[in-house]
Amino acid sequence: MIPFVDLKAQYLSIKEEIDTAVLKVLESTQFILGSEVTAFEQEFAQYCNADYGIALNTGTSALHLALLAAGIGPGDEVITTPFTFVATVAAIVYTGATPVFVDIDPVSYTIDVTKMEQAITEKTKAILPVHLYGQPADMNPIMEIARRHGLIVIEDAAQAHRAEYKGQRIGSIGDIGCFSFYPGKNLGAYGESGAVVTNNPEYARIIKMLRDWGQEQRYHHVLKGYNYRMDGIQGAILRVKLRYLDAWTEARRKHAALYDKLLVNSGIITPKVMPYSHHVYHVYAVRTSQRDLLQQKLKEREIQTGIHYPIPVHLQQAYADLGYKVGDFPCAELVANEVLSLPMCAELSSEQIEFVSAVVCESI
Ligand SMILES: *Cc1c(COP(=O)(O)O)cnc(C)c1O
């Protein structure tokens, strides 16, 4: 069997360091926040080239608090893409604001910057681009349009730890960057976790308060806050794993290059790396009109695959009240029908990639 992601292999490769780090937290009883989390916040912010990092319980909370810190609430509109994980949109709805979708670019699968400006109204407060699959959205035009209209930019970097846009680490290009450390992400905790990074001290201050019941000091609640704190154990684990992220990212990029080479004549569409991007391949998604057949053939050979994502958010039942319909975002709808994510993680072997590629070639 070839797994989609091999969390066990990765744990075994760093078991000793992880076990030591976890035991240290157990001994310290700093189960929530604490010195390991504080150290991780500093190390992760530095890694992202940002002044401030705030550790949270999930990536969804990161998006929620980033939006709240930016002052977004009922009556406001936030521009984003319908071709994303549902959390991007859920976080906007949590604040009471309205998500406004813009279709994706059919090549990069990130928000189509040429269609963004026409979605701006007097209610628009922010743009929330998603660095889908580990490829940065086209940040220069996004920042330029945002600045011209006085909008805040919040990056959904949940799939793109260490990705770069024109040589600059994502997360610190917009006003606030939001990360998830869900176990399957490129940097994954051993439970739920997330973080925001920012260069803005005021946003950092507000987010830090909001994650811990809006307290400025204990039992002095300045803001209506949340319980969005990171566990001490997760902070300790993430500190260990952050030291491997460069090597793991390089392994993913090498695996992607091998897939690219082996699939070049397969008749399927392989991921296109945009000239501005350093892609970190959270997902290696190929595209074919025979997606369901290909997935079935791979399954027969015990190769796990995924679909990210089969239904764009504007067509999800839960968000029907936003009033969108089939045909509103043709690129997102087409791509959702055709993408298939092949096994991808640092621990894959070249032999496994060769096997998967051979099965893909003979299946199509
Ligand atoms: C994973 C993910 C999130 C949410 O992160 P959680 O840690 O699971 O809450 C948000 N946006 C995108 C694009 C994601 O992939």
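Which side chain has an N or O atom 2.8 Å from a nitrogen atom of the ligand? In this predicted model, the side chain belongs to Asp-156. The model is a prediction in which local features need pLDDT of at least 70 and side-chain atom pairs count only at pLDDT 80 or more, while totals for chains, interfaces and linings use all residues. Residues are numbered from 1 along each chain as its sequence is written, and side-chain values use heavy atoms, with hydrogens and water left out.

A polar side-chain atom of Thr-60 lies 2.5 Å from an oxygen atom of the ligand, and for Gln-159 the distance from a polar side-chain atom to a ligand oxygen atom is 2.8 Å. The protein buries 93% of the 380 Å² that the ligand exposes when taken alone (areas from the Shrake-Rupley method with a 1.4 Å probe).

The ligand is surrounded by 16 residues (a residue is near a molecule if one of its heavy atoms lies within 4 Å of it). Gly-59, Thr-60, Asp-156, Ser-180 and Lys-185 are the closest. The shell consists of six nonpolar, eight polar and two charged residues (Ala, Val, Leu, Ile, Met, Phe, Trp, Tyr, Cys and Pro count as nonpolar; Asp, Glu, Lys and Arg as charged; the others, Gly among them, as polar).

Thr-305 counts as buried because its relative accessibility is 18% (buried means under 20% relative accessible area, with a 1.4 Å probe and protein chains only). The side chains of Thr-305 and Gln-295 are joined by a polar contact of 3.0 Å (a pair of N or O atoms within 3.5 Å; within protein, one must be able to donate a hydrogen and the other to accept it, and residues adjacent in sequence count only if both atoms are side-chain atoms).

Methods:
Buried < 20%, exposed > 50% of the residue type's maximum accessible area, 1.4 Å probe, protein only.
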